[in-house]
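Here's a quick briefing on some charged pairs and a strand pairing. Have a look at the structure first, then read on.

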Amino acid sequence: MEKRIGVIGIVVDDHKEWGEQVNDYIREYSHIIVGRMGIPYRERGISVIALIVEGTTDEIGAFTGKLGNLKGVTVKSALTSKKIL
């Protein structure tokens, strides 16, 4: 199946409540993650995570879908149009 490279942005409103579940999903999908940057934005009480991913649209969609179903977690993704074999 064809793969794509993309970026996933994650904002966690309450890290104490949702951080562990977010990290569990990141570990579950670590096979598609190329890079990760996480910033605790303490002044605002949120955490911001940026992931570089390479995977099929099904894999990336399943991952972002799980994250997006968590209350207090906002997820956005952007994928390249170039397909990688």
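A salt bridge here is a side-chain nitrogen of Lys or Arg within 4 Å of a carboxyl oxygen of Asp or Glu. Searching the whole structure turns up two of them. Keep in mind that this is a predicted model, where local features need pLDDT of at least 70, side-chain atom pairs count only at pLDDT 80 or more, and totals for chains, interfaces and linings use all residues. Residues are numbered from 1 along each chain as its sequence is written, and side-chain values use heavy atoms, with hydrogens and water left out.

**Salt bridge within a helix**
- Arg27 pairs up with Asp24, and their closest N and O atoms sit 2.4 Å apart.
- These two are three residues apart in helix 1 (residues 15–28), so about one helical turn separates them. (Helices are DSSP runs of H or I with at least four residues, strands are runs of E with at least two, and both are numbered from the N terminus.)
- Arg27 is exposed at 54% relative accessible area, while Asp24 is partly exposed at 31%. (Buried means under 20%, exposed over 50%, and partly exposed in between, using a 1.4 Å probe and protein chains only.)

**Salt bridge between helices**
- Glu28 forms a salt bridge with Lys66, with 2.7 Å between the closest N and O atoms.
- Glu28 belongs to helix 1 and Lys66 to helix 2 (residues 57–68), so this pair ties together parts 38 residues apart in sequence.
- Glu28 is partly exposed at 40%, and Lys66 is partly exposed at 30%.

**Strand pairing**
- Strand 2 (residues 33–41) and strand 3 (residues 46–55) pair in the antiparallel sense over eight bridges; pairing takes at least two DSSP bridges between strands.
- Pro40 stands opposite Ser47 in strand 3.
- The hairpin of strand 2 and strand 3 has four residues between the strands, and Gly45 there takes a positive phi near 70 degrees.
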